[in-house]
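The sequence and the model are shown first, and selected features are then described in turn.

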Amino acid sequence: MDHPLRKNDDGQVTVNVVGHNAPQNTHREHEHHSGQQQEYRGSVDSLSPKKEAGNVNRSRSRVGFALHSDADEADEEKRVIVSDQDDAVSERTPRTGAVNPNFMAEQEEDEEHDRLPPIRRQASKISSSRHHLDGNADPAARHRFHVGSETMMDTLHKPVEMVMNTLRRITSTDSITSHGVRRNSSHVNFRDAPTPRLDGKKKTASFAVESHISMEDVQHELADRATAMQRGISFPCFELFDEDEELDEDRSLPALPAPDMDDPVQVRRSHRRSKARIPSTSVFDQMTARAGSLASLPPHMQRRFSMGFDPLETLPSALNYDEAGGGQRATLDDLRREKENAENELVRQTGNENFVNVDGKLGWIQGVVLWTLQDMWAVQLFLRLAWMNAQAGMGLYTVIVLITLILALLTTLSMSAITTNGDIGVGGTYYMMARSLGPQFGAAIGVIITLANTINVSLNVQGFADLVTALLSKSNLHMINHLDDTRIISVMAIVVLTGFALLGMVIASRLKWLCLLLLLIGVGDVIVGSIVPPNKEDEARGFVGYSSGLFWENFQPAFQPDQFGAQDFMTVFAVFFPSLCGILAGTSITGDLKDPAGAIPKGTIVATLVAAIVYLILGWVSASVTLRHASGSVADLELGNLTHCRFDMSCKDGMINNMEIMGVIGHWEPIIYAAAFASTISTSVGCIHFAPKVFQALCRDNIIPGIHYFGKGYGKHDEPYRGYVLTMLIGVIFLMPSDFQFISNVVSNCYLATFALVNYATFDASFSQAPGWRPIFRYYNMWLSLATAIVCFGFMFALDWKSAIIALGAVGLVYLFVFYKKPQVNWGTSGQANIYRAALTDTYKLQKTPEHVKTYRPQILVLTGLPCVRPALVYMANAITRGTGLLVCGHVMVHEPIADRSTLEQETYKWFFRRKIRAFYEIYAAADTEEGTRALIQTSGLGKLRPNIVMMGYHRNWTNWNEDSMEEYINVIHYAFDSRRGVILFYARDGFDISDVVNFEQLVNDNNISASSTDGSDDTEPDKIQAIPLEVKPTDDPILKARVELAEKLEPGKKKKIVGEIHVWWLYDDGGLTLLVPYLMTQKSPWSGCKLKVFCLIGPDDNADSARYNMLQLLEKFRIAVVDVVAIDIDTQPSQESLDDFNKLIFKYKYENMSARARAPGPATIMESDMLEYGKRTIRSIRLHELLREHSSESVLNVLTMPLPKQNRAATLYLAILDMMTSGLPPTLLIRGNQENVLTYYC
């Protein structure tokens, strides 16, 4: 038989254009009800055929294109359609609904309905009624209804319902009940989080942990997500096509049943299809019907609907924005769905926030001022104030108070900005910090605030024990010795105070109010007592009354060692600083305030100013009437030797030596003692209450594993009893040294760290310029907040560098731990806003940066369809970019609604994150693959972050494609070149699509298990992680096994390493992309163990040595190491066997070999002019194939300069050339740059 390409007697290859009759094409036959019929089917996403048996497991949209052999042409009516006898095919498949998988078989419908969660059964009943036609209808019409345009309409229903139910159930961290579903698309977590339960009467929330999620429900929802993933597997990738029933491109869409014109809903659908307006009477009837259904709703729900639009529309309401899920708002799908009783959805914004007591009663004075004063008037007021004046002098003491006041006020301004930027939940300061700076900083600040308040309990209890021990010493009473007595008393005191907290906040609050009353009386008693002239005994103890000389003497500093050790400015500052740190107390009772946003700023500022003024007044009073040193002896007073004891440090009285000197100044000493006890008790009780509450909120957020035990609440007030006990135990530990100075240093550094982080949070939130940063309180400045944070950090190290390192070390450890664990929370933090802002700023900067060849990076748009079903294609593209270049996985959805977009994106990104693949996933809905691909090429990326390479899969089964598929495939390549993009075609002998064996249930489950421990967004290199196995089911199909093995071979991971040679056939200069791509691949695993071997063409002088030498010189300049360079000649004649193989490949596509009926110029027809013009080039390609088989059949990867397709020429000829070149080779990359340099040897 003659061939179009053959050798003559002289050994020269000639082009034969004489026509021959085409032999019948051999194809797989399908048994149908009417007999044997040849069938070719293709996915609109794949544009390439798949030879496996028809698989009806996957949910796909169907549009038809088919190739017909000559046998089919005899009877044009013999086309493959869905018929009543298809049940035989359905019985052989594990699932039903091959044509439209959303429709279940009748025998399985009831069973499937029973497995649905209760909240979805009603929706299932409603939707199922739309999937059945009258049994008496024409069978052909019934099946046409299933595959025609109604398929698209009905797929709008179930996928939307599935996504809604999935999002609201699976992606919520809260307990989900059948009567109140919350949706949180920010993360996935199946742990039972404590969920607030709103009380309609009191508008309060309780925190009883209740979970109505059964494992069966969880499995159903995971299955739904897996089904949504399966719906995407048929969409575009150009290497495969499916085997399901398809419509011919020239076949008209099946007709729909005639609508019932008495039914307004069907009338609307009918007119929508014909793009005609609905008559006004129909609109009126529908609105009247909906208004009637609205009347059945409760009155409060009727008021929230707008009758001017859809009755499902809700009016703006604060409940709709309550993050606890208090409001109801219909989803977009419900509003657009043609369904009278569309289901309302609870819209949950973000996070796992819990709110309590949304109807507070306290104003700013009672709720903030008085509450804060109780924490500010602490042990320092009566037991350390005179001592601080004596050491620092009135001048420096005033400076210390003013510095502390300024830091407190500036921090209050910053705190006020945060607190007025939204409602504050349980946890007060911790809550607002965590939601501002993120879980990492939030956990650190939660721990540091808990420690600060816990250690502050120890500080005040230590003062209490010192006072009790001093009183016992005056009466010559003791248990063991002074130190041990103090420890015993302090432990007993903290246990008793914890007991008050355990009894409930009501009793503790009453105790605090009693203490406040005693404090006010004590302050008044000191002022009155200072005016009353002292007696001789008081004078002997150092209280001598007002004196201008004494005032100026005590104005000067006099730092000196005492019973507490050496003293200086910072030691005195450390003792005083915790006294004004009660500014955070107001945030702990936000639920009890009528207007937290207004009360906290105003009340805290007033309380801070009042507390500071009281400290200044009492300090000046004590320094004006009291000596620094006094012997306490009346005899020394009469002899004038009252202060001589200071030389031998034997003084027992005076401001430095007597911590109870305020009792001497007071008019009645017992009142001062009572006030001193009240100050220590009040602050201790407040801190004992505040610290466990903060820690409880931290535990409930589940951002630190292992501490959830302490988040449990008891009683109607949700008391953290376990936290109370933990606070007591930590307090006892810090009481053991019985060192007031040590405790004060630690407490001060903890509060300074808190102040610094609060100020930094305000700066960070303001600097991010996020639209969500809208504080009501405007009297702040972000740069002043930043300066305050820096000053606080400076004071930490100036105060005590050791305790500063400990405090910051604790913060750093917690931060790093949480950062590593990646808790699944989404709180809309300033860090997230800054990431966006920085990315946008850098993108703008990049746009202004001129391009240069030295900064070139491959940025790839790889047409994968659903990435998880073509992993080898994704892995190969990722091996080129490796996180240093842009990688976009494109997915075109043809004739299919994109209601599953959210699920596909979530699961795909989880799949990426688990494998540390730094890629983006783009979905585009289009009428056909070519249109969608063109749109992806045009729109993917931003600014200069746009793909400069289009990568596709290439499969040898192109011979089973129809004409349109071939044309679309070639047109995409042309369009990529027209858009100045390079093109990479990845060839694998067995293809890439593993959708038949992907276990989507396991994939979704593994994604969510992985998401519960990490979000995958860290910067870990793939080389440093374990390879993640594919989620596939066992199979005996050798082709599918080969595809899975190829993907596993290419997967990155520290134990994955390919060893061998990569053969680079750099035949023509395309700018260097053919050489750059394999070089980049060898820099990281799994290709890091491979060496490059370069093949080049000999030059015009036919000197192989010269060509080899020139290439070696060029590679040396490019600094690319290779093991060898081989010069080849493709102008020699190919063997007759190779020519015969090529002739067989193109035989049926030649015009003269086609039947008379099929003859027509087109992209699949090889005309005589094509053979005459490209015959010589084709012969060179055939010779190149022989050289490839000779030199590179054992390489691990071949990289080959891709020949360019010619416009307006036969697509089949070009595809045949590519097929011939790659036939029988290992995985091969066909690369062609855009003729612009991507390599340079200049510095």
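This is a predicted model: local features need pLDDT of at least 70, side-chain atom pairs count only at pLDDT 80 or more; totals for chains, interfaces and linings use all residues.

In which loop does P1086 lie? The loop between α38 (1073–1081) and β15 (1089–1097) holds this residue.

Most peptide bonds are trans, and most residues other than glycine have a negative phi. The bond from S1085 to P1086 is cis, and its omega is near 5°.

Q769 is placed in the loop between α28 (740–768) and α29 (782–799). Its relative accessibility is 58%, so Q769 counts as exposed. D1102 belongs to the loop between β15 and α39 (1104–1118). With a relative accessibility of 56%, D1102 also counts as exposed, because the threshold for that class is over 50%.

## The ten-stranded sheet

An open sheet is formed by 10 strands with mixed pairing. Their order is β11-β10-β9-β12-β13-β18-β17-β14-β15-β16. At the edges are β11 (920–926) and β16 (1124–1128), each of which pairs on one side only. On average, and with direction ignored, neighbouring strands of the sheet are turned by 25° against each other.

Strands of a sheet pair through backbone hydrogen bonds, either parallel or antiparallel. Strand β9 (residues 860–863) and strand β10 (residues 887–894) run parallel and are joined by 4 bridges. Within this pairing, V862 has C889 of β10 as its bridge partner.

## Helices against the sheet

Helix α32 (residues 871–881) packs on the sheet. The strands touched by α32 are β9, β10, β12 (949–954), β13 (982–987), β17 (1197–1201) and β18 (1228–1232). The direction of α32 makes about 170° with that of β9.

Another helix, α38, lies across β12, β13, β14 (1059–1065), β15, β17 and β18. The angle at which α38 runs to β18 is about 135°.

## Buried positions in the sheet

How many of the 8 residues of β10 are buried? The count is 8 of the 8, so β10 is largely enclosed by the rest of the structure. Both faces of the strand are covered.

Strand β14 contains H1063. The relative accessible area of H1063 is 4%, which means that this residue is buried. Leaving aside residues up to four places away in sequence, H1063 touches K1093, F1095, H1191, S1192, S1195, L1197, N1198 and V1199.

## A nonpolar surface patch

I527, I531, Y546, L609, I613 and I617 make a nonpolar surface patch of about 540 Å². At least two residues of the patch are supplied by each of α19 (505–531) and α23 (596–625). The largest share, 3 residues, comes from α23.

Y546 is also part of this patch, and its place is in the loop between α20 (536–540) and α21 (548–555). Is Y546 exposed or partly exposed? Its relative accessibility is 47%, so Y546 counts as partly exposed.

Methods
Residues are numbered from 1 along each chain as its sequence is written. Side-chain values use heavy atoms; hydrogens and water are left out. Buried means under 20% relative accessible area, exposed over 50%, partly exposed in between (1.4 Å probe, protein chains only). Two strands pair if DSSP finds at least two bridges between them. Axes are lines fitted to C-alpha atoms, for helices over the stretch in contact, and angles run from 0 to 180 degrees between N-to-C directions. Contact means heavy atoms within 4.5 Å. Patches are made of residues with over 30% relative accessible area and no salt bridge: like charges are joined within 9 Å, nonpolar side chains (Val, Leu, Ile, Met, Phe, Trp, Tyr) within 5 Å. Accessible areas come from the Shrake-Rupley method with a 1.4 Å probe; for residues, only the protein chains shown count as cover. A salt bridge is a side-chain nitrogen of Lys or Arg within 4 Å of a carboxyl oxygen of Asp or Glu.
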